[in-house]
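Please look over the chain below. A short report on some of its features follows.

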Amino acid sequence: MNEMVTIPKAEYERLLAAAEDLADIAAYDRAKAALAAGHDQLIPAEFANRLIAGESPVRVYREFRGLTQLALSEASGVNRVQIANIESGSKQGSVDTLKKLAGALGVSLDDLA
């Protein structure tokens, strides 16, 4: 036979709220651990807002890293004109090109695509 426990609704709601708080704390701990391990990074709101607004991720991350197009070209091995074309939106860039840029910018390919 099934075991059942009956508790007042207020107690159930309190327990539910406590479980949600515990889940939030666990998510916070995972995020802090990812930051500490170098698997994630914080991006200032100025740059995050530019990404949300649809600006070229290559340009946003390049400027976040304090690089010129020439410096990114040298670090990635991608032609500066290609970088300019990707940033302006006139070209998308191949997967190989975006991988090189992502590596030089210290971000994932998903961050640029």
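This report covers a helix, a surface patch and an aromatic pair in a predicted model.

## Helix H1

Helix H1 takes in residues 9-36. Its length can be checked against its residue count. At 1.5 Å a residue, the 28 residues should span 40 Å. The end C-alpha atoms of H1 lie 41 Å apart, so the two values agree.

Gly38 follows H1. The phi of Gly38 is positive, near 80 degrees.

## Nonpolar surface patch

Five side chains are named here: Val5, Ile7, Tyr12, Leu15 and Leu16 form a nonpolar patch on the surface. Together they have about 490 Å² of accessible area.

Leu16 has a relative accessibility of 38%. Patch members need over 30%, and exposed would mean over 50%, so Leu16 counts as partly exposed.

## Aromatic pair

A pair of aromatic rings is described by the distance of the centres and the angle of the planes. A search of the whole structure finds one such pair. Phe47 and Phe64 form it, with 5.2 Å centre to centre and 65 degrees between the planes. The arrangement is edge-to-face.

The pair links distant parts of the chain. Phe47 sits in helix H2 (residues 45-52) and Phe64 in helix H3 (residues 57-64). The two are 17 residues apart.

Phe64, at 22%, is partly exposed.

Methods: Residues numbered from 1 in each chain as written. Predicted model: local features only at pLDDT ≥ 70, side-chain atom pairs only at ≥ 80, totals over all residues. Heavy atoms only, no water. Phe/Tyr/Trp six-rings, centres within 6.5 Å; stacked < 30°, edge-to-face > 60°. Helix = DSSP H or I, 4+ residues; strand = E, 2+ residues; numbered from the N terminus. Buried < 20%, exposed > 50% of the residue type's maximum accessible area, 1.4 Å probe, protein only. Patch = residues over 30% accessible without salt bridge, like charges linked within 9 Å, V, L, I, M, F, W, Y side chains within 5 Å. Areas by Shrake-Rupley, 256 points an atom, 1.4 Å probe, with all protein chains shown as cover. Salt bridge = Lys/Arg side-chain N within 4 Å of Asp/Glu carboxyl O. Expected span 1.5 Å × (residues − 1).
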